Amino acid sequence: MPLERVEQLDYMADDREGTDSCDEFEGELDNVEINLDDDDMPTKVTDTSAAQARKGKDIQGITWEGLNVTRQSYRLTRLEQYRNYENIPLSGEAVDKECKQVEKGGNYYEFFYNARSVKPTILHFQLRNLVWATSKHDVYLISNDSLMHWSSISRNLSEVLNFSGRIVPTEKYAGNLLEGLTLTQISTMAVKNRFVVAGGFQGELICKSLDKPGVSFCARTTYEDNAITNAVEIYESVSCGPRFMAANNDCGVRVYDMEKFQQMNHFRFPWPVNHTSMSPDCKLFTVVGDDLDGLLVDSRNGKTVASIVGHLDYSFACAWHPDGRTFATGNQDKTCRIWDLRNLTSSTAILKGNIGAARSIRFSSDGQFLVVAEPADFVHIYSTKSDYKKRQEIDLFGEISGVSLSPDDESLYIGIWDRTYGSLLEYNTRRSSRYLDSFM
């Protein structure tokens, strides 16, 4: 969201009839004139540390004092004019009558650093799972045509894999596309246990070990039109070892073994699947997509165990709490809903966003927090111990490419896609960040 002028975002959207089909997404302000001179150009925008933020520097490096608008007035205008994308007209307005916003007041994570050299990007406006932290100091993200690694210790940004040219697998497995892939446009990815799985706009899957050179596995899951890979999840099967699951626009969910990259299951559903999440015991997984209702599915046979009824639009996110009883779903009706396996007749909590859909949701590893990212400007951190009645709100400007908690829950990373102020924001738990300030 460039502050010098409001422009249309150059999204790549699919052309599926009746869903997610838009050639342009107008989520920007149209009535704010902000003039930046040469001294305010992006090259002059610098990183921001926690110490600088405490002295009054904007965490994103925006020089509000040099603009003809205050942060507060610009925020109010954004709230009034940002247009949430809906497949079901007025779903956001309808849900406003159903729930109230949870009061702010939580203070669980505090700002630590904003890295301007890191430039997260987005190719599809509805898919926002493009940032993954593998430790409190290591983050992987998509930037243009590349998978990048950022070290918050060394402040070093390095390229891991470039998708713009030909990618040829270096290992031999049944089903491996030996001729490789070219010009892959990455729609989603997951990074876990030193392994990356990336999905593409033409149903591509690319698997790479972070400890080996080259790529282990390449495949096209389908050659159907409009076969975008919407989400991937890496998980540890209790009895079968590491696996990953790919949710696809062709209404399929495919499960792969990660030792030999063989497809173990292919489950089919009546509508495009936008996201899945496996339960901690791997017995059930949630399925959400281009339908008002979600599904709870038996992971052994793909049969529906229960329908998840309550949302008013299509869903693009879901996640399980570590307790194995609770899960959450994120929807374009601007809500994240909490569900309990013991009573699925209605959600136990409805968490309402400020301006847009719940595009990315994450439970912390210890189960104490739920992180919910809207498409732009807001990330909410809810306390599960307070039954989601208390939250911390992180207020920023720009499209959010993804959010990720480190495995130890010590760090929270937020990717910001913006032509001028794009960056990677780092927040740390309050108990762990202060001693590091002395090194900044």
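The following legends describe close-up views of a predicted model.

In this predicted model, local features require pLDDT of at least 70 and side-chain atom pairs count only at pLDDT 80 or more, whereas totals for chains, interfaces and linings use all residues. Residues are numbered from 1 along each chain as its sequence is written, and side-chain values use heavy atoms, with hydrogens and water left out.

**Figure 1. Overview of the chain and its secondary structure.** The chain comprises 4 helices and 30 strands; helices (H or I, at least four residues) and strands (E, at least two) are DSSP runs, numbered from the N terminus. Of the 440 residues in the chain, 62% are buried. Buried denotes under 20% relative accessible area, exposed over 50%, and partly exposed the range in between (1.4 Å probe, protein chains only). Among contacts between residues at least 6 apart in sequence, 53% join residues at least 24 apart, a contact being defined by heavy atoms within 4.5 Å.

Figure 2. Helix H2 spans residues 71-81, and Tyr 74, Arg 75, Thr 77 and Arg 78 are buried in it. These residues lie on the same side of H2 because they cover an arc of only 165° around the axis; the arc is that of the directions from the helix axis to the C-beta atoms. Strand S27 (376-383) and strand S28 (391-405) are among the elements that cover the buried residues of H2. Exposed residues Gln 72 and Glu 80 are carried on the face of H2 turned away from its buried side.

Figure 3. The whole structure contains 13 aromatic pairs. Rings of Phe, Tyr and Trp (its six-membered ring) pair if their centres lie within 6.5 Å; planes under 30 degrees apart count as stacked, over 60 as edge-to-face and the rest as tilted. Trp 64 and Phe 397 form a tilted pair, at 5.5 Å centre to centre with 55° between the planes. Trp 64 belongs to the loop between helix H1 (50-54) and H2, and Phe 397 to strand S28, so this pair ties together parts that are 333 residues apart in sequence. Trp 64 is buried at 11% relative accessibility, and Phe 397 is buried at 1%. The pair of Tyr 109 and Phe 369 is edge-to-face, because the ring centres are 6.0 Å apart and the planes stand at 70°. Tyr 109 lies in strand S2 (residues 109-115) and Phe 369 in strand S26 (residues 369-373), so the pair ties together parts that are 260 residues apart in sequence. Tyr 109 is buried at 1% relative accessibility, as is Phe 369, with a relative accessible area of 13%.

**Figure 4. An aromatic cluster and two charges over rings.** Tyr 173, Phe 195, Phe 217 and Phe 261 form one aromatic cluster. A charge sits over a ring if NZ of Lys or CZ of Arg is within 6 Å of the ring centre and within 35 degrees of the ring normal. Arg 155 lies over the face of Tyr 113, at 3.6 Å from the ring centre. The charged end of Arg 359 is placed over the ring of Phe 316, 5.0 Å from its centre.

**Figure 5. Two residues with positive phi.** Most residues other than glycine have a negative phi. Arg 194, not a glycine, has a positive phi of about 65°. This residue occupies the loop between strand S9 (186-192) and strand S10 (195-200), and Arg 194 is partly exposed, with a relative accessible area of 38%. Lys 334, also not a glycine, has a positive phi of about 75°. Lys 334 is found in the loop between strand S22 (326-331) and strand S23 (335-340) and is buried at 13% relative accessibility.

**Figure 6. Surroundings of Thr 276.** Thr 276 lies in strand S17 (residues 273-278) and is buried at 3% relative accessibility. Not counting residues up to four places away in sequence, Thr 276 touches Glu 233, Met 245, Ala 247, Val 253, Phe 285, Thr 286, Val 287 and Cys 318. The C-alpha atoms of Thr 276 and Val 297 are separated by 10.0 Å, and these residues are 21 residues apart along the chain.
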